Amino acid sequence: MSTAEQALRRLELTVTRRLDGLLHGAHQGLLPGTGSEAGDSRVYVPGEDDVRRMDWNVTARTTVPHVRDLVADRELETWALADLSPSMDFGTADTDKRDLVVAAVGAIGFLSSRMADRFGALVIHDEHIHRMPARTGRPALYGLLSALMDAPRGQVVADPPDLAEGIDVLAATRRRRGMRVIVSDFLDAAPTLDPDAERPWERPLRRLSARHQTLAVEVIDPRELELPDVGRVAFADPETGKVREVHLSPKIRRDYAEAAALQREGTRLALRRAGVGHLVLRTDRDWVFDVAQFVLRQRRMSHLAHRKVNP
């Protein structure tokens with residue numbers, strides 16, 4: 001057994017043992033067709049409709065033959081957008097941000113496959129957005145995750161696709177309603193420290209969430225939030241390849257921490273305005289625990305909202 005396959009089996013075992021049942025939920029078919037749930041009535045078309053589906057109540061009231069469509073119990077189609085840009089190759093704790101991307105996509109994929117749902121992915125890597133078709137079954141999911149794990153480290157390219165472009169492609173890939181998951185660090189090429197400013201990916205994300213259930217998974221590393229007291233350090237920008245030496249004085253470290261906090265707050269507000277779920281995974285924490293806590297918190301909020309609506 002290869003090392004990659006062993007890693008995927010460990011990931012599957014972790015998900016099924018610690019998360020199985022948490023992310024499961026009922027979903028209803030969205031297209032008319034043969035099924036068990038009654039849909040709308042319409043005028044009977046001779047030669048095309050089955051007389052066994054005749055709606056006699058509506059026919060008697062209108063004196064015009066009507067048939068009743070049925071809502072098919074179709075599987076939910078889940079798509080993930082995995083950001084494998086060069087900034088995701090960074091990591092100073094237990095793992096790299098790239099590994100958390102694979103873990104998050106794998107968690108959603110394994111839980112979707114256990115419900116026989118179709119699962120596909122778009123991958124932002126180098127100068128392309130790669131599409132992996134939605135399929136059912138464990139072998140297809142293993143192939144998708146293996147491709148993510150085997151993808152080479154990101155390289156500096158002239159005009160790489162940004163997150164906003166990836167979200168637009170995700171929205172146009174499949175129009176059928178379902179679940180959409182975006183896994184990224186949500187770092188912009190030209191960041192702004194104004195928390196209320198609109199992010200480049202905010203409008204595409206808002207359009208996506210208007211049609212699909214959407215979850216944003218933000219992946220961060222602790223060194224992106226604060227810098228250690230180590231003196232002079234050479235920093236390399238993975239997106240552009242530029243290198244700059246900086247002396248990490250107390251003032252520099254303090255200013256950096258304040259700027260990082262503003263950047264994260266801006267991301268949080270933008271995701272909230274877009275109306276999507278926001279899950280934060282850190283390279284120095286137990287990601288499975290964070291996923292479980294997020295799901296339980298969302299369920300409590302949904303239960304409280306339901307109680308307020310139906311006192």
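Helix α5 passes α6 in a left-handed crossing (the near helix is turned anticlockwise from the far one by less than a right angle; clockwise would be right-handed). This is a predicted model, so local features need pLDDT of at least 70 and side-chain atom pairs pLDDT 80 or more, while totals for chains, interfaces and linings use all residues. Residues are numbered from 1 along each chain as its sequence is written, and side-chain values use heavy atoms, with hydrogens and water left out.

The axes of α5 and α6 come within 8 Å and cross at roughly 20° (lines fitted to C-alpha atoms over the stretch in contact, with angles from 0 to 180 degrees between N-to-C directions). On the α5 side, the contact (heavy atoms within 4.5 Å) involves Ala164, Ile167, Asp168, Leu170 and Ala171, and on the α6 side Pro204, Leu205, Arg207 and Leu208. Sorted by class, that makes seven nonpolar, two charged and no polar residues (Ala, Val, Leu, Ile, Met, Phe, Trp, Tyr, Cys and Pro are nonpolar, Asp, Glu, Lys and Arg charged, the others, Gly among them, polar).

What about the rest of α5? This helix runs over residues 163-173, and Leu163, Ala164, Gly166, Ile167, Leu170, Ala171 and Thr173 are buried in it (under 20% relative accessible area with a 1.4 Å probe, protein chains only; exposed is over 50%, partly exposed in between). Their cover includes α6 (202-211) along with the strands β3 (77-83), β4 (118-125), β5 (128-135) and β6 (179-184). Helices (H or I, at least four residues) and strands (E, at least two) are DSSP runs, numbered from the N terminus.

Now for the other partner. Helices α6 and α7 pack at an angle of about 35°, with their axes 8 Å apart, and α6 passes α7 in a right-handed crossing. Here α6 brings Glu202, Leu205, Arg206 and Ser209, and α7 brings Ala270, Leu271, Arg273 and Ala274. This contact counts four nonpolar, one polar and three charged residues.

Ala274 sits in α7, which spans residues 250-274, and is buried at 4% relative accessible area. Glu202 is 72 residues away from Ala274 in sequence, yet their C-alpha atoms are 6.5 Å apart. Neighbours within four places aside, Ala274 touches Glu202, Leu205, Arg206 and Ser209.

Thr214, in strand β7 (residues 213-220), is buried too, with a relative accessible area of 9%. Again leaving out neighbours within four places, Thr214 has contacts with Arg180, Ile182, Leu205, Leu208, Ser209, Val276 and Gly277.
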